[in-house]
Amino acid sequence: MRRTLRRVAPALLLGLALLGVWELYCDLGRVEAVVLPPPHAVASALWDNAGLLSHNFAVTAEEVVLGLALAIAAGLTFAIAIHLSPVLRRAFYPLAVGSQAVPIPVIGVLLVFWWGFGIFPKLVVIALICFFPVLVTTIDGLASLDPERAKLLRTLDASRWQTLRFAELPAAVPAALSGARIALAVGVIGAFIAETSTPTTGTYTGLGREIVLDAGGFQTARAYAATALLFAFAIVCFQSLAMAERRLAPWRRPALAGATR
């Protein structure tokens, strides 16, 4: 418990200091509340609109988790295929790079045309945004096998699939999880983009659309409250993946401990 407090104390203290500066800046009248509400107004909006925000948060959280899972599955599959096939690497890799430059609003309506107004078009948008970090880091991880270990496996007459299963895939786990953490960091904003760039129906449409509606309707405090939920959710998910990495790649625990101190 004490060790955990020591680890999170710097972030908590910095966060409190930034909130204090924010509150003081607003109290001094440097900006109108409709432009930048003070922290106490954001906290009040969070409390007063807990029901509305929690329903929208549930929608966004589901989109992020499922979209990230889709991105990880696709990223790992294509990374292994590219690693095993130089021809596929030359054919697919440039397209994967170019896909990151496609403006989502351009294809948002097309995705809805293909798959309707449900959740799936949003998952596709999130997966497109999160896919590339997983792909690149996993490819690099698969290629990071120690040459001496590869030589030993060839000496033992290991097949290509045995080398992949028993050596290259375990070596790629830390890199793949690091890519997943990067993807998650952009996945939350990816959910915002998905919710605001694809037409939808329903009462609760996610925090992204709620933020846009509140900002346009001068409900700025509630928009900031919704943003605070996204902020906290990203931190929780990032730390959860870090814990998963400690379990799946225990040989990296010293490095991970140093990175999270």
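The exposed residues Val106, Val109 and Phe113 sit on the face of H5 that is turned away from the buried side of the helix. Exposed denotes over 50% relative accessible area, buried under 20%, and partly exposed the range in between (1.4 Å probe, protein chains only). Helices (H or I, at least four residues) and strands (E, at least two) are DSSP runs, numbered from the N terminus. The model is a predicted one, in which local features need pLDDT of at least 70 and side-chain atom pairs count only at pLDDT 80 or more, while totals for chains, interfaces and linings use all residues. Residues are numbered from 1 along each chain as its sequence is written, and side-chain values use heavy atoms, with hydrogens and water left out.

The secondary structure of the chain consists of 11 helices and zero strands, and the order of elements from the N terminus is α-α-α-α-α-α-α-α-α-α-α. The C-alpha trace spans about 75 × 55 × 30 Å along its principal axes. The chain has 261 residues, of which 36% count as buried. Mean pLDDT (the predictor's confidence in each residue, from 0 to 100) is 83 for the chain, with 91% of the residues at 70 or more. Among the elements, the highest mean pLDDT, 92, belongs to helix H2 (residues 39-48), and the lowest, 50, to helix H11 (residues 253-259). Where pLDDT is low, the predicted coordinates should not be read in detail.

The buried side of H5 is made up of Ile104, Ile107, Gly108, Leu111 and Val112. These buried residues line one face of the helix, because they fall within an arc of 150° when H5 is viewed down its axis; the arc is that of the directions from the helix axis to the C-beta atoms. An α-helix has 3.6 residues a turn, so residues three or four places apart point the same way. The length of H5 agrees with expectation: its 12 residues should span 16 Å at 1.5 Å a residue, and its end C-alpha atoms are 16 Å apart. The expected span of a helix is taken as 1.5 Å times one less than its number of residues.

Helix H3 (50-84) and helix H5 (104-115) each supply at least two residues of the patch, and H5 gives the most, with four.

The C-alpha atoms of valine 59 and glycine 206 are 5.1 Å apart in space, although the residues are 147 apart in sequence.

Two salt bridges are present in the structure, a salt bridge being a side-chain nitrogen of Lys or Arg within 4 Å of a carboxyl oxygen of Asp or Glu. In one of them, glutamate 210 pairs with arginine 222, with 3.6 Å between the closest N and O atoms. This pair links distant parts of the chain, with glutamate 210 in helix H9 (residues 207-216) and arginine 222 in helix H10 (residues 220-248), 12 residues apart. Aspartate 214 forms a salt bridge with arginine 222 at a closest N to O distance of 2.8 Å.

The loop between H9 and H10 contains phenylalanine 218, which has a positive phi of about 60° although it is not a glycine. Most residues other than glycine have a negative phi, and most peptide bonds are trans. Phenylalanine 218 counts as exposed at 64% relative accessibility. By contrast, alanine 226, in helix H10, is buried with a relative accessible area of 0%.
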